[in-house]
There are 2 protein chains.
Amino acid sequence: MSRQRATAFVPGHVTAFFSAHPHDRPAAAGSRGAGVTLTDGVAVTVSAAAGDDGARLLDGDPDAIGAVDDVLDALSVPAVDVAVETDLPIGSGFGVSGAAALGAALAANRAFDCGRSENELVRLAHEAEVDRGTGLGDVVAQARGGVPIRLEPGAPGIGALDGIPADARIEYVTFGELSTESVLGGDTTALSAAGATALDRLRADPRLPTMMTAARGFARSADLLVPEVEAAVEAVEAAGGEAAMAMLGRTVFALGTGLSDAGYDPDACRIHPAGARLVDGEAVDDESQRSA
Amino acid sequence: MSRQRATAFVPGHVTAFFSAHPHDRPAAAGSRGAGVTLTDGVAVTVSAAAGDDGARLLDGDPDAIGAVDDVLDALSVPAVDVAVETDLPIGSGFGVSGAAALGAALAANRAFDCGRSENELVRLAHEAEVDRGTGLGDVVAQARGGVPIRLEPGAPGIGALDGIPADARIEYVTFGELSTESVLGGDTTALSAAGATALDRLRADPRLPTMMTAARGFARSADLLVPEVEAAVEAVEAAGGEAAMAMLGRTVFALGTGLSDAGYDPDACRIHPAGARLVDGEAVDDESQRSA
């Protein structure tokens, strides 16, 4: 049954370290690495277009995200309005573009009864992100939730994931944007070697503090640290906490109250237990299931 | 850091249809099929043993679940008390034994800081279930949440999953126990052929109503229907709803208000959005993450 309107929530995702694995086929391209998904995330509402052309809103202002349009094209839905809402900073390493693409896929599939499976929807969003050069591993991580370890790059059926079984409060501060495209578009050889080392460390000891240590080593080896980020990471460590740089953003994230203890005024959330999902109201949903 | 006590929640899982795939290696054995995970589930608390021998409680009464002990042995934890709590009927097709095994793995890993990854913990629980003959596909489904489709049998890294992107209210009634061991221990050739047909139907159209139709066809072809179950499924259909038999139990589950509408007095819950997870208190958790 088609309801012409649906909303999906997709957790934010902070990558702690990664290696880049380009491929001619976007579904087979991706990254290895690890990170945390966040209860702070992105809500995407897709509905039949009110006007002739579909509107694109980001936090209430007109703004299009390329990967969202690519996903909608791939699903061959009619003209739609898309509203993306998030409290997360944009362009700062929280995977907002991937979340918007995945949320659009889930919501459009539901609103227009496209009949795709979850793996198919994740693949479409992953391919759109890779094609746009805005991310390599956020979508598959955001679909999973928790603390995803990307063992093998690529969309579902090609890549492989594991996870660290952990729950934790996560704090973060952002000092501004950093272009994912500019880093991923350059030479990633040294970066990927550092990412492979970090992944080996984590697989040998899949615990949160080990992920944070491996992430700090990665950021130094890959020469990605910016001064404000480096200072904040060091301040948290000096206060006895665990922090690292979010890849790729001028952002620091910390376990527990690490940034607060170091004197920063961070945002705070938790590790997301579930991963991306539809968030339609129960009453509407129950009714639709009866007659579906 | 070891805290000596942790609790995990694992959703119940009702299998709609399946094919059985035995294998010499328990990690490679399993089932193909589909089902729904439930917000009604199993809470497992593992703690350092208060006495010389560990206690085993099921809803407050002394009762051991073999797969739980196998998982604890595999993790080499010291003597522990295990308390399994569930509102679900036992032995009725809700995957309680698998949930107990997976919950014990997650909780013991946390309580005693075993340092295993999520895939490793799911594999241990899956192997224990297969070894005990009490289930083939519940554990991997319960680890994932949602509406899991088991594309390939086996533990993480061997098997493969997809899912139907759906949320729904689920109602269920149970008329008594049915032995999983007796069915799985017999000739499963006809059953598995029917399961393969049902899976083909669902993969071609991954929607909830299609899963229910495929499940009814499976139960008939595999000759698993018992009279009370058949009567309830037919009553729900006559009232315009969607119901099927839970594999393997004398249990009927329905979408939305299907059983209520047919005059039954069912329990009700929803599809679980997340899958198995630790459910420790936030305060305790935050503290442990700081010093971890």
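B:Asp205 is partly exposed, at 22% relative accessibility. In this predicted model, B:Asp205 forms a salt bridge with B:Arg207, whose closest N and O atoms are 2.2 Å apart. B:Arg207 is likewise partly exposed, with a relative accessible area of 24%.

**Salt bridges**

Side chains of opposite charge can pair when their charged atoms come close. Over all chains, the structure holds 22 salt bridges.

| B:Asp69 | B:Arg56 | 2.7 Å |

The salt bridge between B:Asp69 and B:Arg56 links distant parts of the chain: B:Asp69 lies in helix α1 (residues 66–75) and B:Arg56 in strand β3 (residues 56–58) of chain B, 13 residues apart. B:Asp69 is partly exposed, at 22% relative accessibility.

B:Glu237 is partly exposed at 38% relative accessibility, whereas B:Arg216 counts as buried because its relative accessibility is 10%, under the 20% limit. Through shared partners, salt bridges also join A:Asp113, B:Asp205 and B:Arg207 into one network.

**Surface charge and cysteines**

A patch of negative charge on the surface gathers A:Asp59, A:Asp61, A:Asp63, A:Glu85, A:Asp87, A:Asp265 and A:Asp267. Of these residues, A:Asp87 sits in the loop between β5 (80–86) and α2 (96–111) of chain A, and A:Asp87 is exposed, with a relative accessible area of 73%.

The count of disulfides over all chains is zero. A:Cys114 is partly exposed at 22% relative accessibility, and B:Cys114 is partly exposed with a relative accessible area of 21%.

Note on methods. Residues numbered from 1 in each chain as written. Chains lettered and ligands numbered in written order. Predicted model: local features only at pLDDT ≥ 70, side-chain atom pairs only at ≥ 80, totals over all residues. Heavy atoms only, no water. Patch = residues over 30% accessible without salt bridge, like charges linked within 9 Å, V, L, I, M, F, W, Y side chains within 5 Å. Areas by Shrake-Rupley, 256 points an atom, 1.4 Å probe, with all protein chains shown as cover. Salt bridge = Lys/Arg side-chain N within 4 Å of Asp/Glu carboxyl O. Lys, Arg positive; Asp, Glu negative; His and termini not counted. Charge placed at Lys NZ, Arg CZ, Asp CG, Glu CD. Helix = DSSP H or I, 4+ residues; strand = E, 2+ residues; numbered from the N terminus. Buried < 20%, exposed > 50% of the residue type's maximum accessible area, 1.4 Å probe, protein only. Disulfide = S-S within 2.5 Å.
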